[in-house]
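Thanks, everyone. Please have the viewer open.

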Amino acid sequence: MTKATLLMGSLVALLSSKAMAHYPTLDCVLLQQEVQCTAAYSDGSLAYGETVEVRSYDEELLTQLTTDKAGQIRLPQPDGEYYLMFDPGHEDPAEFDYAEF
């Protein structure tokens, strides 16, 4: 095997791993004053046992919830302005702002 073949093979392997990377997603709905969210990844897998934070616009932690086996959380709609954040730590976090309802 030549050095060029080895280098090309290494480059392809490196780039293909980047293409398979996935990022977090957070989809939420408001039903009868209850916030329901599903945390997942862009590859379609659900985020089981992950933390979702509810924060005020002042960055105050209002509450922290853990996703169930379906990647879901439920909570009463908080008062005031807030956003939800799912940050699995390996990519940019997924956020959902209450104004999106």
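In what order do the strands of the open four-stranded sheet come? The order is 4-3-6-7, and the pairing is antiparallel. At the edges are strand 4 (61–66) and strand 7 (94–97), each of which pairs on one side only. On average, neighbouring strands of this sheet are turned by 20 degrees against each other, with direction ignored.

Some housekeeping on how this was done. This is a predicted model, where local features need pLDDT of at least 70 and side-chain atom pairs count only at pLDDT 80 or more, while totals for chains, interfaces and linings use all residues. Residues are numbered from 1 along each chain as its sequence is written, and side-chain values use heavy atoms, with hydrogens and water left out.

As for terms, strands are DSSP runs of E with at least two residues, numbered from the N terminus. Two strands pair if DSSP finds at least two bridges between them. Angles run from 0 to 180 degrees between N-to-C directions, with axes as lines fitted to C-alpha atoms.

Inside that sheet, strand 3 (residues 51–56) and strand 6 (residues 82–86) run antiparallel and are joined by five bridges. Val52 is placed opposite Phe86 of strand 6.

There is also an open sheet of three strands, ordered 1-2-5, again with antiparallel pairing. Strand 1 (24–31) and strand 5 (72–76) are its edges; each has a single partner strand, so one side of each is left without a neighbour in the sheet. Here too, neighbouring strands are turned by 20 degrees against each other on average, direction ignored. Strand 2 (residues 34–41) is linked to strand 5 by five bridges, and the two run antiparallel.

Now the side chains. How many salt bridges are there? The count is one, taking a side-chain nitrogen of Lys or Arg within 4 Å of a carboxyl oxygen of Asp or Glu. It joins Glu53 and Arg55, at 2.8 Å from N to O. Both residues are buried, that is, under 20% relative accessible area with a 1.4 Å probe and protein chains only, where exposed is over 50% and partly exposed is in between. Glu53 lies in strand 3, and its relative accessibility is 17%. Leaving out residues up to four places away in sequence, Glu53 touches Leu61, Thr63, Gln64, Tyr83, Leu84 and Met85, with contact meaning heavy atoms within 4.5 Å.

Next is Tyr57, in the loop between strand 3 and strand 4. Its relative accessibility is 38%, so Tyr57 counts as partly exposed. Beyond its neighbours within four places in sequence, Tyr57 has contacts that include Glu81 and Asp97. Tyr57 and Tyr83 are 26 residues apart in sequence, yet 7.3 Å apart in space, C-alpha to C-alpha.

Last, the rings. The structure has four aromatic pairs, counting rings of Phe, Tyr and Trp (its six-membered ring) with centres within 6.5 Å; planes under 30 degrees apart are stacked, over 60 edge-to-face, and the rest tilted. Phe96 and Phe101 have ring centres 5.1 Å apart and planes at 50 degrees, so the pair is tilted. Phe96 is buried at 8% relative accessible area, whereas Phe101 is partly exposed at 35%. Tyr57 comes back here: with Tyr82 and Tyr98, Tyr57 forms one aromatic cluster.
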